[in-house]
Amino acid sequence: MCGIVGYIGDKQAAPILLQGLAKLEYRGYDSAGITVREGEKPAEVVKTIGKLHNLIEKTDEGRALVGTCGIGHTRWATHGAPSKTNAHPHVSGNCTNSGSGAVESEVVGVHNGIIENYQELKAKMERHGYKFYSETDTEVLIKLVDYYFKKYKMGPIDALAKTIVRVRGSYALVVMFADYPDRIFVARKDSPMIIGVNDGESFIASDVPAILSHTRNVYYIGNLEMAEISAGNVDFYNLDGDRIEKEETHIEWDAKAAEKGGYEHFMMKEIHEQPQVVLDTLHKYIKEEGAAKTIDLSEVGLTDEDITKFSNVYIVACGSAWHVGMEAQYVLEELGDFQVRVELASEFRYRKNRLPADSLVIIISQSGETADSLAALRMAKDKGITTLAIVNVVGSSIAREADYCMYTLGGPEISVATTKAYSCQLVCMFMLALKFAVVRGCMEDYGNYLDELLSIPEKMNKVLEDKERIQWFASKYSNARDIFFIGRGIDYAICLEGSLKMKEISYIHSEAYAAGEMKHGTISLIEDGTLVIGTLTQSDLYEKTLSNMMECKSRGAYLMGITSYGKYDVEDSVNFPVYVPKVDEHFIGSLAIIPLQLLGYYLSVSRGLDVDKPRNLAKSVTVE
Ligand code: F6R
């Protein structure tokens with residue numbers, strides 16, 4: 001939610017900031033703004049409503065702003081509607097012009113996160129004579145920094161320290177002070193921020209893709225820490241104002257991975273990257289010695305001895321990552337003989353449940369910054385429960401704070417709707433299920449299961465070869481009003497993800513239902529021509545789900561059915577059959593999800609929507 005960039009060096013800042021913002025636009029696209037300064041001159045602020053291209057046009061691709069130091073922001077509105085006035089940067093002065101133009105204020109800055117006690121702080125600042133032009137919590141934060149800076153006269157780091165002990169909430173805060181023309185200052189709590197330093201230049205960003213083309217050497221700033229950034233240098237401070245040392249991290253991601261690479265949309269590119277990134281993720285943990293293959297979690301740090309201690313598993317996540325958990329529970333229960341519960345992080349964090357001491361809490365997250373998932377992780381840790389994170393973004397908060405971390409090798413995922421990260425998470429969960437089953441002595445056919453897992457990437461390629469059929473089908477349904485996805489067990493979990501892909505990017509109402517539940521109410525919504533998509537990949541449940549589909553058909557539904565080649569012949573029963581290659585049924589979700597991703601994509605395109613940036617959404621949900 002919200003993307004932040006900063007630059008200080010020897011080049012013109014504005015074009016670099018705009019390029020960085022373009023890489024972060026998936027984090028928010030309600031409005032955007034930039035501020036640049038040249039030496040002692042006042043900072044210039046430009047803001048625009050809507051997507052980033054408006055700001056790019058208004059600043060003549062950055063050429064209209066002169067200066068080698070600046071910050072930028074792309075907004076996902078929380079406090080205050082999307083408007084030019086509420087757009088960042090915000091300024092500390094009592095201006096009436098929405099904080100735009102040449103700024104005489106002491107402090108100008110941007111923020112990502114939520115200040116929970118902003119109203120109380122706003123009242124305090126008003127008592128001290130500050131006037132507000134926006135409805136944002138950010139303006140309060142910037143004015144509070146100004147207040148402490150002027151009151152204590154001890155410098156920016158001290159003013160920031162005083163500010164952050166006074167605010168409640170989450171923030172990645174980036175500010176410039178008029179009195180410190182060659183510096184940018186930052187403070188952070190629970191919202192992502194990285195700092196990259198390279199030969200005479202420094203970069204600040206909410207996420208890696210924004211700075212990848214400049215440097216891959218980054219520092220992660222911790223909670224309640226601050227930094228003073230100059231050209232090519234960064235110093236970190238704790239709340240007491242003492243200097244702290246940080247280690248630099250080298251990011252392996254390739255800058256090209258964050259480009260569209262000839263595809264019309266990131267989502268389509270990322271769908272096509274799935275075979276490769278799933279293969280990379282499998283190879284990271286499956287080791288081959290001669291003909292023997294094993295799952296090696298030594299990089300994760302989880303030993304066989306650790307695994308034998310767990311008797312319950314809680315899988316906690318949000319959105320698609322939660323769907324991964326929903327699917328993995330069947331596999332973990334069946335192969336590993338575990339008690340598994342899957343919880344939405346936003347619910348789990350507030351439950352007053354007693355977690356058994358021998359539990360393992362698995363947090364799944366692409367970004368590693370989702371606020372609810374992070375809070376759930378901390379709650380489990382506070383209760384003394386072991387935590388394992390499955391995360392894509394290296395060095396993210398969840399990755400750093402969990403006891404163990406299993407990284408997915410998805411690379412940067414830019415499209416708001418997840419595809420490749422989901423697929424990598426799923427195979428990580430499959431590997432964990434197999435590993436846990438072996439260690440607990442409940443697995444006989446280990447080698448065969450591993451071969452099946454390793455066959456997934458090639459079979460994904462086969463599914464992708466059939467994409468034109470899905471495109472054709474999507475063109476027929478672009479005016480659909482409601483779509484229902486039904487299945488049982490693993491098929492139900494696949495439906496949950498298929499339905500989310502559909503609704504989030506095509507804006508067509510869709511619901512995923514456990515097939516057996518349709519008769520308990522939802523079937524009343526089926527009418528002539530309603531599209532019902534059934535997933536039929538599980539032998540023991542196939543006939544049951546098919547019967548439920550036929551019940552819908554006899555009430556007018558048009559049926560699409562997904563199953564595997566040569567297993568069942570659904571041609572006579574469903575109107576539009578889709579076949580995927582055969583693989584062990586525990587793992588079939590990795591293949592069956594692809595036609596559903598494609599269907600959501602093509603429907604969105606045929607309706608002329610912005611596939612990569614669906615309305616109201618942002619990639620990384622760092623607020624509750
Ligand atoms: C949907 C989607 C979201 C995320 C959810 C969790 O396509 O991407 O539902 O899965 O917001 O995000 P992470 O995995 O970053 O914790």
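Helices (H or I, at least four residues) and strands (E, at least two) are DSSP runs, numbered from the N terminus. The model is predicted: local features need pLDDT of at least 70, side-chain atom pairs count only at pLDDT 80 or more, and totals for chains, interfaces and linings use all residues. Residues are numbered from 1 along each chain as its sequence is written, and side-chain values use heavy atoms, with hydrogens and water left out.

**Stop 1**

Select Tyr 507, which lies in the loop between H16 and E25. Its phi is near 60°, a positive value in a residue other than glycine. Tyr 507 counts as partly exposed because its relative accessibility is 23%; buried means under 20% relative accessible area, exposed over 50%, and partly exposed in between (1.4 Å probe, protein chains only).

Strands E24 (residues 482-487) and E25 (residues 509-514) pair in the parallel sense over six bridges, where two strands pair if DSSP finds at least two bridges between them. Phe 484 has Glu 511 in E25 as its bridge partner. From E24 the chain passes through helix H16 (residues 490-506) to E25, a right-handed β-α-β crossover. Right-handed here means that, with the strands pointing away from the viewer, the path from the first strand over the helix to the second runs clockwise.

**Stop 2: the nine-stranded sheet**

Select the open sheet with the order E6-E3-E2-E4-E1-E11-E10-E12-E16, whose pairing is antiparallel. Its edge strands, E6 (101-103) and E16 (249-250), each pair on one side only. Within the sheet, E1 (residues 3-8) and E4 (residues 69-75) are antiparallel partners over six bridges. Ile 8 has Cys 69 in E4 as its bridge partner. Helix H1 (residues 13-24) packs on the sheet and touches E1, E2 (31-37), E4 and E11 (201-205). The direction of H1 makes about 155° with that of E1; axes are lines fitted to C-alpha atoms, for helices over the stretch in contact, and angles run from 0 to 180 degrees between N-to-C directions.

Next, pick Thr 48 in strand E3 (residues 43-49). Thr 48 is buried because its relative accessibility is 7%. Leaving aside neighbours within four places in sequence, Thr 48 is in contact (heavy atoms within 4.5 Å) with Ser 31, Ala 32, Asn 54, Leu 55 and Lys 58.

**Stop 3: the loops on either side of E4**

Glu 61 is in the loop between helix H2 (52-58) and E4. Its phi is positive, about 55°, although Glu 61 is not a glycine. With a relative accessible area of 47%, Glu 61 is partly exposed. Then go to Pro 89, in the loop between E4 and strand E5 (90-91). A cis peptide bond joins His 88 to Pro 89, with omega about 0°.

**Stop 4**

Select helix H8 (residues 319-336), where 18 residues reach 25 Å from first C-alpha to last, close to the 26 Å expected at 1.5 Å a residue. The expected span is 1.5 Å times one less than the number of residues. H8 bends by about 30° at Ala 328, the bend being the angle between axes fitted to the seven residues ending there and the seven starting there. Of the 18 residues of H8, 14 are buried, so the helix is largely enclosed by the rest of the structure. Asp 337 follows H8 and has a positive phi near 55°.

Finish at helix H5 (residues 156-166), which is largely enclosed because eight of its eleven residues are buried. Among them are Pro 156, Leu 160 and Ile 164. The buried residues of H5 pack against H4 (137-152) and strands E8 (169-177), E9 (184-189), E13 (225-230) and E14 (233-237).
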